[in-house]
Amino acid sequence: MVSLSKRMLAEFIGTFLLVFFGAGAAVITLMISAGQPTPNEFNIGIGILGGLGDWLAIGLAFGFAIAASIYAFGRVSGCHINPAVTIALWAIKKFPSGDVIPYIIAQLAGASLASFLFFASVGPDALAIGGLGATAPFPGIGYLQAILVEAIGTFLLMIAIMGVAVDRKATPGFAGLIIGLTVAGVITTIGNITGASINPARTFGPYLGQMLLGGANLWEFFPIYIIGPIVGAVLAAVVYNYMSAETAT
Amino acid sequence: MKCYICAQQGKDTDAVAICIVCGMGLCMDHAIREEVDIWEGGYPFPSEKMEKTIPRILCPPCYEGLKGD
């Protein structure tokens, strides 16, 4: 196994790519549709261009970045690029306790740098119009509803990871593609409910960027994106282990 | 079985191994034993190189082909 510092670097770069291209796609969608009237208050601008197709496009941007990262860094660090995934693997004793905090620090740092570099790449409108792609509950969505949705979305992500990657009987080689597409599907459905973070680091980066670059203070919503994803991921890992456990006959 | 390479050179040498790629019989002079690393893991776990290796016997042409020399 490579050193912890190299694995942290892989997590850092992977999470950076996820936020730069994924959250960046949300920013660009909002900038393209800026100034156009929205049909209702549930529509904040993503959906004006192509309905649910806007969310599919954003989801695919996330999905392709995740797939590329998994194929590039999967053998180096495991390419969790998501604290909820790291914690879920630790919870089922598949990941060492001593590596959990370093992995999460690397993921949060990578996500943060992505938000700052996206701002530097696109300019002030990335913050003023696109909000750096920060996630928050959409109009009419309550705090607990948002936690529930994030938990269910992350449940699907983690159950896919368990099925196509953690399970030793899984067909090798498909993990990156399937997990990327799973994320794209989750975002398509729950994007307009919570922003579809399903990853505490993905929300942390834009929140930190907003705070330090003079944007909105959204930290009151951060517990949604910690509790929901972690609960969903741990539950999926435990349920999958229970379902797939075999007894000798 | 005789060594194929020795036979090409007009010699008659007993084979002691077979190339795993082409099936050529090989004597001790022409058999090349490679030790192949075993890696376990991969997404979502970091890969680990195992202490043990897998032996693999090759003939000189296949060895050169696989090594890209």
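Reader: Which residue follows H4(A), and what is its phi like?

Author: H4(A) is followed by A:Gly123, and the phi of A:Gly123 is positive, near 105 degrees. Helices (H or I, at least four residues) and strands (E, at least two) are DSSP runs numbered from the N terminus. This is a predicted model, in which local features need pLDDT of at least 70 and side-chain atom pairs count only at pLDDT 80 or more, while totals for chains, interfaces and linings use all residues. Residues are numbered from 1 along each chain as its sequence is written, and chains are lettered from A and ligands numbered from 1 in the order in which they are written.

Reader: How many residues does H4 of chain A have, and how far does it reach?

Author: H4 covers residues 97-122 of chain A, which is 26 residues, and it reaches 39 Å from its first C-alpha to its last, close to the 38 Å expected at 1.5 Å a residue. That expected span is 1.5 Å times one less than the number of residues in the helix.

Reader: Which residues of H4(A) are buried, and what do they pack against?

Author: The buried residues of H4(A) include A:Tyr103, A:Ala106, A:Gln107, A:Gly110, A:Ala114 and A:Phe118, where buried stands for 20 or more other C-beta atoms within 10 Å of the residue's own, exposed for 12 or fewer and partly exposed for anything in between, with C-beta atoms placed from the backbone. The buried residues of H4(A) pack against H1 (4-33), H3 (83-91), H5 (125-128) and H8 (200-213) of chain A. An α-helix has 3.6 residues a turn, so residues three or four places apart point the same way.

Reader: And what covers the buried residues of H9(A)?

Author: The cover includes H3, H6 (143-166), H7 (175-194) and H8 of chain A. H9 itself, residues 222-244, has 23 residues and reaches 33 Å, close to the 33 Å expected, and its buried residues include A:Gly228, A:Gly232, A:Ala233, A:Ala236 and A:Ala237.

Reader: Which residues have the most contacts inside the largest nonpolar core?

Author: They are A:Ala88, A:Met158, A:Ile161 and A:Ala233, in a core of 84 residues; H1(A) supplies the largest share of this core, 15 residues. A nonpolar core here is a set of buried Ala, Val, Leu, Ile, Met, Phe, Trp, Tyr and Cys residues joined through C-beta atoms within 7 Å. Leaving out residues up to four places away in sequence, A:Met158 touches A:Val85, A:Ala88, A:Gly232, A:Ala233, A:Ala236 and A:Ala237, a contact being a pair whose C-beta atoms, placed from the backbone, lie within 7 Å.

Reader: How does chain A look as a whole, in helices and strands?

Author: Chain A comes to 9 helices and 0 strands. Its radius of gyration is 17 Å, close to the 18 Å that the globule rule gives for 249 residues, so chain A is as compact as a globular protein of that length; the radius is taken over C-alpha atoms, and the rule is 2.2 Å times the number of residues to the power 0.38. Of the 249 residues, 54% count as buried.

Reader: Switching to chain B, compact globule or more spread out?

Author: Chain B is more spread out than a compact globule, since its radius of gyration is 16 Å, well over the 11 Å that the globule rule gives for 69 residues. Its elements run α-β-β-β-β-α from the N terminus on, its C-alpha trace spans about 55 × 20 × 15 Å along its principal axes, and buried residues make up 22% of the chain.

Reader: How many residues does the contact take from chain B and from chain A?

Author: The contact takes 7 residues from chain B and 17 residues from chain A. On the chain B side, the largest share, 4 residues, comes from S4 (residues 45-58).

Conventions:
Two residues are in contact if their C-beta atoms, placed from the backbone, lie within 7 Å.
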